[in-house]
Amino acid sequence: MSLMNVFSNFLVVLAEAVEYNQFFVDGMKYLGAAIVMAIGAVGPALGEGYAAGKAMEAAGRQPEAIGKLRTLMITGQAVSETTGIYALLIAILLIFVA
């Protein structure tokens, strides 16, 4: 028996055991939104921290290029932050629309 069959059987048993009610549905919506935000916030946080650290290292090596470094770093962080914004959008949709 494959792992996928075991998982699907578990979901069927869970669906039969849990009576459909609005509290369960609301709980699953909030849990899904929390998981989306937890996963969606980790990537941008790591990427922006790494970019800022490398920019500071480069500024220490070449202080005269700090203006160009700042522009590139902020542009890169803005592009990286879009992933977090998309995750927030999905979480809001899960909570209020689903």
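Trainee: Does Lys29 count as buried or exposed?

Mentor: This is a predicted model, in which local features need pLDDT of at least 70 and side-chain atom pairs count only at pLDDT 80 or more, while totals for chains, interfaces and linings use all residues. Residues are numbered from 1 along each chain as its sequence is written, and side-chain values use heavy atoms, with hydrogens and water left out. Burial is assigned by relative accessible area: under 20% is buried, over 50% is exposed, and values in between are partly exposed (1.4 Å probe, protein chains only). Because its relative accessibility is 15%, Lys29 counts as buried.

Trainee: Which residues is Lys29 in contact with, leaving aside its neighbours within four places in sequence?

Mentor: Lys29 is found in helix α2; helices are DSSP runs (H or I, at least four residues) and strands likewise (E, at least two), numbered from the N terminus. Contact means heavy atoms within 4.5 Å. With sequence neighbours within four places set aside, the contacts of Lys29 are Leu94, Ile95 and Ala98.

Trainee: Which side chain meets that of Lys29 in a salt bridge?

Mentor: Side chains of opposite charge can pair when their charged atoms come close. The criterion for a salt bridge is a side-chain nitrogen of Lys or Arg within 4 Å of a carboxyl oxygen of Asp or Glu. Both partners here lie in helix α2 (residues 22-61), three residues apart, about one turn of the helix. At 3.5 Å, N to O, the side chain that meets Lys29 is that of Asp26.

Trainee: Is Asp26 buried or partly exposed?

Mentor: Lys29, its salt-bridge partner, is buried at 15%. Asp26 has a relative accessible area of 21%, so its class is partly exposed.

Trainee: Which residues are linked in a network of salt bridges?

Mentor: The structure holds three salt bridges. In one, Glu57 pairs with Lys54 at 3.6 Å, N to O; in another, Arg61 pairs with Glu57 at 3.8 Å, N to O. Glu57 takes part in both of these pairs, and the linked residues are Lys54, Glu57 and Arg61.

Trainee: How many residues apart are Arg61 and Glu57 in helix α2?

Mentor: An α-helix has 3.6 residues a turn, so residues three or four places apart point the same way. Glu57 and Lys54 lie three residues apart in helix α2, about one turn. For Arg61 and Glu57, also about one turn, the separation in residues is four.

Trainee: What is the relative accessible area of Arg61?

Mentor: Glu57 is partly exposed at 39%, and Lys54 is likewise partly exposed at 39%. Arg61 is exposed, with a relative accessible area of 64%.

Trainee: What is included in the cover of the buried residues of α2?

Mentor: The residues concerned are Lys29, Ala33, Gly40, Pro44, Glu48, Ala55 and Ala59. Their cover includes helix α3.

Trainee: By what distance are the C-alpha atoms of Gly47 and Gly76 separated?

Mentor: Gly47 has its place in helix α2 and is partly exposed at 32%. Gly76 is 29 residues away along the chain, and the two C-alpha atoms are separated by 9.1 Å.

Trainee: Which element has the lowest mean pLDDT?

Mentor: The protein has three helices and zero strands, in the order α-α-α. pLDDT is the predictor's confidence in each residue, from 0 to 100; its mean over the protein is 83, and 89% of residues reach 70 or more. Among the elements, α3 has the highest mean (89), and the lowest (70) belongs to helix α1.
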